Amino acid sequence: MTKKIAIVGGAGFIGSHLVNLYGKTDTSVHVFDNFSTGNLEFINLNDNLTVHKGDILNLEEICKFVNDVKPDVLFHLAAVHYIPQCEENPNEAIRINIEGTQNVLTACAGKVARLIFTSTGAIYSPEIQTSLNENEVIDTRDVYGMTKFAAEKLVEHHDRKGRGETVIARLFNAVGTNETNPHLIPAILDQLEEGKVDIELGNLYPKRDYIHVDDIAAGLKSLADCNSFKKDKIFNIGSGTERSIQELIDIFREVTKLDIEVIQVKSRMRKNDRKSQLADISQLTNQTNWKPERDVNLAISEIWEELKISNS
């Protein structure tokens, strides 16, 4: 078992679940976050956890963090994730997702044995309608995907130069508590919280691979725990199941017991929205024995329960 880990972006959506997963072990965990979107309340504090405030755009701060902590494994999860935000402010996305990643790599060079970088399944060609394996064609058509793919290339270069082993995890659509961006499911929940049952949404045709955020955390941990990898060190982390927006609405109806209807609104529609995005997760399962253990129904139930508690 890894003795000491660092989680850059550990107070965010996925990072907080990874921190809390490690909190169930005796591993020493160090979180590095600027708390621009992350929240300390997402993290279960314990004696093995240390939280450091800092920004990956500040090379001095991230270098000091790595030098002080000396982690066996570092997870790099800090990024601008929300696609509309990246499209509206590409300079910010490029700085944080590319320049910030290079700063993390510079800090880790020759000092961290394994770096695990979280990328996205959104970089695969939208023309592919079958399940996506790690060798599929890359054809990203938005700023977010472009920055993540550019960062992947920097991460691979770091490994080739012998500066430390790197592993890339391409994440699919995470669902669960602690979400920090207004993606589809938070957009539905926000409207339900306002008392609406006629839910305004954009494109209704896309199908996505929705995965419980705790399964993503377990998948990331499996990459840290793996003793050695075969040649390929890029892994999809998804559920291996694709669901339509209508199926999600049906789950919301079942969980909330509300008579929910969908209204399609032009202002919410994305011009370029891929029809399908299904992860082939066999490579990760074959190398680490990880497999998803939860479903999107559970995730939505947990979110809804938390929302009811917070409003009570």
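Q: Which residues are exposed on the other side of α2?
A: In this predicted model, E60 and K64 are exposed on the other side of α2, where exposed means over 50% relative accessible area, buried under 20%, and partly exposed in between, with a 1.4 Å probe and protein chains only. Residues are numbered from 1 along each chain as its sequence is written. Local features need pLDDT of at least 70, side-chain atom pairs count only at pLDDT 80 or more, totals for chains, interfaces and linings use all residues, and side-chain values use heavy atoms, with hydrogens and water left out.
Q: What puts the buried residues on the same side of α2?
A: The buried residues of helix α2, which spans residues 59–69, are I62, F65, V66 and V69. They cover an arc of only 90° around the axis, taken from the directions from the helix axis to the C-beta atoms, and therefore lie on the same side of α2.
Q: Why is C86 called buried, but C63 partly exposed?
A: C86 has 0% relative accessibility, and therefore counts as buried, whereas C63, with a relative accessible area of 21%, is partly exposed.
Q: How do you know that C63 is too far from C108 for a bond?
A: A disulfide needs a pair of cysteine sulfur atoms within 2.5 Å, whereas the sulfur of C63 is 8.7 Å from the closest cysteine sulfur, in C108, and is therefore too far for a bond. The structure holds 0 disulfides.
Q: What makes V51 partly exposed?
A: V51, which lies in strand β3 (residues 49–53), has 32% relative accessibility and therefore counts as partly exposed.

Terms used:
Helices (H or I, at least four residues) and strands (E, at least two) are DSSP runs, numbered from the N terminus.
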